Amino acid sequence: MKSSSRIVKSSCRGCHGVCQVLVHLDGDKIVRVSGDPDSPTSRGFICPKGIAAPDMLYHPDRLKFPMRRIGPRGANEWERISWDAAISEMVDRFDTIRRESGSEYLAVAQGTGRPYTEFTIRFANALGTPNFVNPGHLCYLPRVIASAITMGALPVSDIYEFGGKSPACIINWGCNHVETGASDGMCGSIFKKAAKKAEKLIVIDPRRIGLAEEADHTLQIRPGTDCALALAMIQTIISEGLFDQAFVHDHSFGFDRLAEHVRSFTPEWAEPITRIPSDQIRTVARTYATTKPASIQWGNGIDTSVNGFQTGRALLILMGLTGNIDVPGGNVIWVPPSKIRPKSPLIDMSVAGVQFMPPEKKALILTKGKYPFAPNCHPPTFWKSVITGDPYRVRGIWIVGSNPLLTATQGLTIEKALRDHMEYTVVSDLFMTPTAQLADLVLPAAHWLEQDDVVYMHKIWCVLSRKKLAQIGETRDDRDVIFDVAHRLGLHEAFPWPDRHTYLDWLLEETGMSFDQFKEKNILMSEMRYRKYETDRFHTPSGKFEFYSNVMEHEGRPPMPVYLEPPLSPLSSPELSEKYPFILMSGTKKLEFFHSEMHQIRLLRKMHPNPIVEIHPAAAERCGISDGDWVYVESPYGRARLQARFSEGIATDVVNAEHAWWYPEASPPDYRWKESCANLLYGDDSFDPDTGAEPLKSYLCTVYKDGLERT
Ligand SMILES: Nc1nc2c(c(=O)[nH]1)N[C@H]1C(S)=C(S)[C@@H](COP(=O)(O)OP(=O)(O)OC[C@H]3O[C@@H](n4cnc5c(=O)[nH]c(N)nc54)[C@H](O)[C@@H]3O)O[C@H]1N2
Ligand SMILES: Nc1nc2c(c(=O)[nH]1)N[C@H]1C(S)=C(S)[C@@H](COP(=O)(O)OP(=O)(O)OC[C@H]3O[C@@H](n4cnc5c(=O)[nH]c(N)nc54)[C@H](O)[C@@H]3O)O[C@H]1N2
Ligand code: SF4
Ligand SMILES: [Mo]
């Protein structure tokens, strides 16, 4: 090894993962990132996105300086300005809007959860705006909130064997982090090992995913119908007396009402809805209930439907009925390291470590009354309101790390809202994007290799260190920018620390370590405890695990799960489905990309050059499509051009289109973003009544070959 070479331990943030990595430096240059074999969280695993981190860090297209728009909006005419000028302008504009119209006329938007989430929310709360816009209504938070009202915390698969046991039975349900790398703080590689070990593995997915190769039972469910399957499993378990009598008796609420509620939801009832044979539903229910301990690993496939919230509730009920809650090898509530301070004193952290808007602020929310369990301002409603001005027109927005033109639905509405109606838009990002092109001010954000951090986002059983090892141009950590803007807007109560490093020291204060000392230690772990409900009870209104939800009853929503058919489906819209004969799934995550991100990274793009739609060969043949053909996938609302890939592992009337595609290599300002973006296929006609989630995996479409008339 050359004398100028060194290796620094850090943790990757190419996705939601918790992979600890080794960063290899030659002088100041980062030359390689590899998995850390000593890591208790990821045990040496690294995925291609992690390996490509230096390519992303040093990519020539990175935004390097703040830029102010000088031409018409969206014309790609910019001037470089200083950070001081950028922040002064922002503060001035935000303050004017706040004084003239009120703080709710400002919005803060972000995409998926990121390390700075606690700062964007803190900033929105301190500013006093309820208009925090992000995809939480269809990602993760439905599961988190369903868990919060059912059992007071989010249960996760117990795959690390802290209690000496690995799950004997695993249901992998609407999740594919084994193939994509990681999600929601769970490492796919560790899960895969646990799945291999399990006596029984059950996979429930409309597509045959890799894990199905090892499974004892593979249930190819019709998209969006999981609630019906779960209800039938609950019915089987109760009617056959396979539930955990002691847990139900001592720790649950509403069992009798549940038994009555599910009486008619038999496997025979569920079979035509789910397309899963009734005897298979019974077998799987029995296997899950009798193989102990058992664990359900759920994913975004559960959230993204009009029935996602109730489905989440039904899956929780399965975990509770079988007594698999908080037992070694079951679905557990992780104990976070005790001496780390919660990151957001201005935010209610009492429920499952999730940040909810303070209730008095929620009253202002644009969607109040519509979706009682919506975690934030409902994005489709928000963007529409910017155009219609109903109930009011937000005047300024700061989009911190999101590309909603591509990743949200209603991309054309968002484009119009930003181009023609929003008075002032700031976008913070690593790269110029179709969304950032519509901003008035663009701020260059730091990559994770440019960040110091105490990594604590998913509140798991450890915190990790992340280290700033590079500096590209004038990029800045978003949180440093938020600090500056907040201070200059006078929001000192919410941002009492002089700067973010003081804040990091404050987080760690009770551990007796400064951030610099923690960097050396690299990880802080907790001591896992099981069956905490025996002493602490459940943090629900009844203090028990609620089969019957008091919170749902209070909100006037069904206190026990009910099944809702997707509004656009062969069963609910038979006429429409004659014209649009395929069920459309879109957005199953891909190993090489993170939503719209990383499409400009050569290594990753080489592995995955084109946007793909998976289609069954028999269906393709009917449409005159060959493997590799470019096709249009079209719904009543829009179309996208993708490349057909044959898959025997998908039903003959289901297609799976990749989401959020754009071509960063194409010319700005549009980068051909309207060509292959499957998100343009969704209308604003169907939402989950509880959360406002959108049926991204259960819609209708047709498919035809590019160059041919649609059939
Ligand atoms: N059709 C369909 N659409 C979907 C989904 C689906 O299943 N189907 N999934 C949905 C889900 S689950 C989610 S969470 C959303 C995700 O939606 P988004 O979060 O909007 O998706 P990204 O493409 O990750 O966009 C994030 C942007 O942030 C930038 N960025 C990355 N890191 C940082 C950072 O540290 N700071 C700053 N300032 N910028 C950063 C990236 O360069 C990128 O331009 O997409 C949703 N969209
Ligand atoms: N590489 C990579 N990793 C990522 C991301 C990424 O973009 N790329 N995104 C991150 C984000 S924001 C998220 S939310 C997570 C999500 O990660 P996951 O929770 O794994 O979610 P998805 O990939 O959306 O879908 C998982 C599986 O659900 C199946 N599915 C779809 N619809 C249904 C249904 O109706 N019922 C059932 N039972 N299954 C269904 C899909 O076929 C897919 O195999 O991944 C995170 N990790
Ligand atoms: S799975 Fe996620 S956290 Fe792990 S190496 Fe890949 S990108 Fe990084
Ligand atoms: Mo997500």
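I started with lysine 697: an N or O atom in its side chain is 3.0 Å from an oxygen atom of ligand 2, which I log as a polar contact (a pair of N or O atoms within 3.5 Å). The model is predicted, so to speak plainly: local features need pLDDT of at least 70, side-chain atom pairs count only at pLDDT 80 or more, and totals for chains, interfaces and linings use all residues. Residues are numbered from 1 along each chain as written, ligands are numbered from 1 in the order written, and side-chain values use heavy atoms, without hydrogens or water.

Next I looked up backbone partners. A polar backbone atom of phenylalanine 593 is 2.6 Å from a nitrogen atom of ligand 2, and for alanine 182 the corresponding distance is 2.7 Å. I then checked cover: of the 920 Å² of accessible area that ligand 2 has on its own, the protein covers 99% (Shrake-Rupley method, 1.4 Å probe).

How many residues surround ligand 2? I found 34, the closest being Asn176, Ala182, Asp205, Asp226 and Phe593; a residue counts if one of its heavy atoms lies within 4 Å. By class, I noted 13 nonpolar, 14 polar and seven charged residues in this shell, with Asp, Glu, Lys and Arg as charged and Gly among the polar ones.

Last, I searched the whole structure for disulfides and found zero, taking a pair of cysteine sulfur atoms within 2.5 Å as the test. For cysteine 175, the nearest cysteine sulfur belongs to cysteine 139, 11 Å away. Cysteine 175 is buried, at 5% relative accessible area (buried means under 20%, 1.4 Å probe, protein chains only).

Note on methods. Buried means under 20% relative accessible area, exposed over 50%, partly exposed in between (1.4 Å probe, protein chains only). A polar contact is a pair of N or O atoms within 3.5 Å; within protein, one must be able to donate a hydrogen and the other to accept it, and residues adjacent in sequence count only if both atoms are side-chain atoms.
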